Amino acid sequence: MPPVLPGLRFLLLLLGCQGAAAAAGTRLCSSSPVNESAVCASVQSASREQLLEVARGRRSPCSLSFAQLACAQAAWLQDLPDDFLASLYSCLASKPTTAVDPEYSILFFSKYDARKLLASLAVFSQQLSQEPLSPERSLLFLDGLWQRMLRVPGMERHARLPGCLRPSAASCPRLRLLVAALDGIYSQLSVQEQRNIYSGIKNFLSQPGPSQGCHSQAVPGLNSTAWFRNFLGSFLEHATVEDLQLFGDEATLQKFARDPVNMEMVGNLTLLRETALYYTQLLTSAPALPLSSLPDRLICYLSPAAVGNLSGEEALGVAQRLGRSCPWSRGMPGAPLAPQELQVASSLLSRLQDFSPAVLGALGRAALGLSVSSIQRSIPGQHLRAALPALGSVRGWRAEQAGAVLAKLLRSGWQILDGQSLAELGTLVGGLNSSTLQSLSPEVVLEAIQLPGFAQHVDTLPSALKRTLVEKVSSRVGHPSELVRLIPSALASSIPKSLLVFGEEKPNVQDLNNKPWTREQAAMFFSDVLKAEPDFSRLSQSVLQGFTCAAASAVGAERFQELARVMRKKKVRLGQDQLSCLLKMVTLHGVPKDWDSYPRELLLFLSPSDYAGNCSQFFINVGKANKDVLPREAPQRQQLLLEALECLRIPGTQINRENAEVLGWLVCDLAGEYIRSSGGTLLKGLSQCGSFLPEQEEAIRDVLSSGNTTFGPPAAWSAFTLSELSGLIPVLDPSILQQIPKKALTTWLRNFAWDSSLSREELATIVGELLPRRHKRADAGCPAGLEITETVLDDDLMPTDYNPPEVLRACLQNMSLENQLSLQNHLSQILNYPFSIPQLAVLKEYLAERYPDGYPENVLSSLGPLLPLLSPEEVSRWRMSSADTLAAFLKAEPQPSDSLASAAIQRYLELGNALNATALDAIGTKYVCLLNATQLKAIDPPSLRLVSLDPSACSQETKNLLYQKAKEAFSDQHHLPAYYELILPYLGGAPAADLKALSKDDVNMNVSTFVTLRRDSLMLLTPGEVQGLLGVQLPELARWQSRAPVRDWLALQKQSELDELHVGLTGGTQEGYINLVTPKFPAMSSAPLGSVAMAFHLLPALLLSFLTVSILS
């Protein structure tokens, strides 16, 4: 960064405060020369010794007045440290503004050495980015600092910039020069700095004065219509519609918008969404400009009205520009068009009468605006067939669109005869269903996936289709190495674990490195890779995440250290069980001193005393580790927080900014009292936490409501404030939301909400604050102006216009057939709008009327927001005719409740469908416990080879049944090391005999798995067999010995045998003692008194008989 930039940035940030002070009536600045003799005549001089004591930290800067500093000799000021300006600012903040003459500022900064001044400004700018400056205090600095900076080398070209900025005929040209200078460094500023500077410019331009807004037809030099370029420049990116309306009426803004210089600049900017829509409206409202003159970026923001009178040829031209120029939704290749782009595309294509192959081929991504009804009714199949190469290259088709195109193609006689014809579908392959793919020969699929044009388009397919493609390929490929080589990267994560067991076959490490794997997949071949590749640094991050204790234990201690270091370099993310094993292996021969060479997540299981560096550095590294490894309630995580507070020597509950940075994500675990005491210091860190405990939420609300934060009181928040607070918005309650200006909420919703992590339900809460508290009784019909059209359906703030819900009901009933089809085609988009629960109930009623016999498949995948309103009885009437339909419903977001899922599964089976691999994959771990014994017994064991289920949370009966099915499914791999990883999820149902056999295979079972084994099976294991199962994990068992079932198992073992394990286990039976199991009698309240009395009466006799038999034997 050029040395002058910190100073220029600092001045411009001060300018942001200047506008606010001017609005309050504060004196802006003084531009007259300063007479030092006159100004300092009445000031008590400060000695050099006093200044040296301040410079060396022996004396407070506040002990000297600003006047004494300004009147000191220039040479003495050069001894001051670089952070002195920050200290000085704090001193001034405690004094009234009237006590400090602005002339002192000019005098003080005129004596600063240029190089030292720039260094001081750099330090001050860092603090400024964290804490906003008082407008009044900023002006004191601005007066002198601005004039001094004009004499700094590198600022000569700005020599004509003002020493005093006020809206006047003289100062506006100087502001124009300032904006021109700003454009030169715009890209080097952070977004927050850009916003702060824009705020200053806006405040300046909106000040009252003879030349308010720096535009006047009567003043030469202020009558240019290139106003946006001259006075806002690139900072126009941060202007809201409300801001623009401060600068002029609509007629004036329309003149500005149409100026060629402004249009050229806007063509290179990324305006806020709402601002871009407004700017485009200024260009297209009467008298409308030719659309050919619009910048490409603004084509994306045309309204349907703007294209309503275009000829077919003109509409095609604009559609081509739309497909070529508009950015992909959220920057994600393959994503559907953003709503406003889709709206424009749909409007344009509705103007076309001729969908010839040439027209279809020229549309590009604008083809995504084709409605399903247009595809079905208006486009001949032969035309689709001829345009297939072009349409198959368009990314972002919705499943229903692709399905409609494919159905039309098949009806026209087109067939999938070979791999070439399948690959010809390109991105339209998503229109196929599993049954159609299953009907194809494996040779067709195998040929297609080897064609680059097809392989690059399968990444967006539903998981069911990906799995079917993999099944087809695997049925013709005999070896895992060949399967890995042939399957494209986009399908790699869909390969079932059981097909990645290499056995005696040597894997091709390079092929494995080139594919993205899940952790469970990589575990299948991790052992084989370690044997095949001596250089661990050649292994990819994806392969290394498959680390298993069993595989690593076979590696020597020195090699293991090397493996762990490579994992740190490759930033491999491991799970809790993996890290637990990794830690044991790393510390097997003592605690290493170079912890910074190992994965940071290992520190989560250590204490600062184990770390070679200081404790602060330890917790800085902890803050950079993956916090998701430890759940919030984990004892290790709670212990880390206590040790961190002790390390930082925080005696009370107030945490400063520096300590908050050291704590990192540990601030997410701080109690509410810490949050309250620390004020706004913790808000930045808390915004990254994701979720909070109730007491934390209450504390955050208290802090924000107080107004004593950098954000100010809620009544003063803007859309940008809400954007910064995004992670804390779910915490806000109605008492806070009602204080936020509705304009700020609306602007935030239109420009920033779509890019936030807030759920639909959380956004609905905010939209609810925009709805009127009281509303008139709805009339029988749809109110004028609220008719539901395609334009309305494409507005994500549609819910705000239809309150009470009866209005929505009336308007839905009055929709035209064309708009009913639009609603059907965009249902997945519309249901994600932030509707209230009553509004969603109206939408559910409408859909029930439209589909009395059950929802079609394309609707089932979109029902997420309606799920809380559905009943199992309704689901039991649906047509669950295929595994694809079941998968579409069970994988909806949010996922169905257990009762709804159970009804859907039952309905699917009632209609004669089988629990094949596709259905089991859809059921998954989340719903597998809902299957009853009859359904479980109907599962074909080979199907389990193709899915990943974990029944550990199910009933013991379910675990037992699934274990037997899984054992049969993987029986041919029983002799291989990978068998343990395959059978692991099902071990909760394993009998003792199978566990005893497994104990001979060095599996290094995690204790967390061991304690979930069948209780009756676990009790039959000997200490030696437990040692065989746990391996290096055996020492961990000591931590569980006071808890069931480990405690109960210990009670059945001889203590001498437990001692032989050398891990400190106690609680076994001592030699010469008899371990009696106390009989379990019914509780007093649950058995007749006579029965209990009889039991106690017989107890002595029973014990005597037992002892007699024991002695005689």
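**Close-up 1. Helix 29 is mostly covered in this predicted model.** Of the twelve residues in helix 29, eleven are buried. They are Ala464, Leu465, Lys466, Arg467, Thr468, Leu469, Val470, Glu471, Lys472, Val473 and Ser474. If you look for what covers these buried residues, you will find, among others, helix 26 (434-439), helix 27 (442-449), helix 30 (480-486) and helix 31 (489-492). Helix 55 (883-890) and helix 57 (917-927) also belong to the cover.

**Close-up 2. The span of helix 29 agrees with expectation.** Helix 29 runs over residues 463-474, and at 1.5 Å a residue its twelve residues should span 16 Å. The C-alpha atoms at its ends are 16 Å apart, so the two values agree.

**Close-up 3. Helix 46 and helix 47 meet in a left-handed crossing.** Here the axes of helix 46 (residues 742-751) and helix 47 (residues 760-768) come within 10 Å and cross at roughly 145°. Helix 46 brings Leu745, Trp748 and Leu749 to the contact, while helix 47 brings Leu763, Ile766 and Val767. By class, this contact has six nonpolar residues, with no polar and no charged ones.

**Close-up 4. Phe228 and Phe256 form an edge-to-face aromatic pair.** A search of the whole structure finds 19 aromatic pairs, and this view takes in one of them. The ring centres of Phe228 and Phe256 lie 5.6 Å apart, with 80° between the planes. Phe228 sits in helix 12 (residues 227-231) and Phe256 in helix 14 (residues 250-258), so to speak linking distant parts of the chain, 28 residues apart. Both Phe228 and Phe256 are buried.

**Close-up 5. Six aromatic residues form one cluster.** Its members are Trp227, Phe228, Phe231, Phe247, Phe256 and Tyr279.

Conventions:
Residues are numbered from 1 along each chain as its sequence is written. This is a predicted model: local features need pLDDT of at least 70, side-chain atom pairs count only at pLDDT 80 or more; totals for chains, interfaces and linings use all residues. Side-chain values use heavy atoms; hydrogens and water are left out. Axes are lines fitted to C-alpha atoms, for helices over the stretch in contact, and angles run from 0 to 180 degrees between N-to-C directions. Helices (H or I, at least four residues) and strands (E, at least two) are DSSP runs, numbered from the N terminus. A crossing is left-handed if the near helix is turned anticlockwise from the far one by less than a right angle, and right-handed if clockwise. Contact means heavy atoms within 4.5 Å. Ala, Val, Leu, Ile, Met, Phe, Trp, Tyr, Cys and Pro count as nonpolar, Asp, Glu, Lys and Arg as charged, and the others, Gly among them, as polar. The expected span of a helix is 1.5 Å times one less than its number of residues. Buried means under 20% relative accessible area, exposed over 50%, partly exposed in between (1.4 Å probe, protein chains only). Rings of Phe, Tyr and Trp (its six-membered ring) pair if their centres lie within 6.5 Å; planes under 30 degrees apart count as stacked, over 60 as edge-to-face and the rest as tilted.
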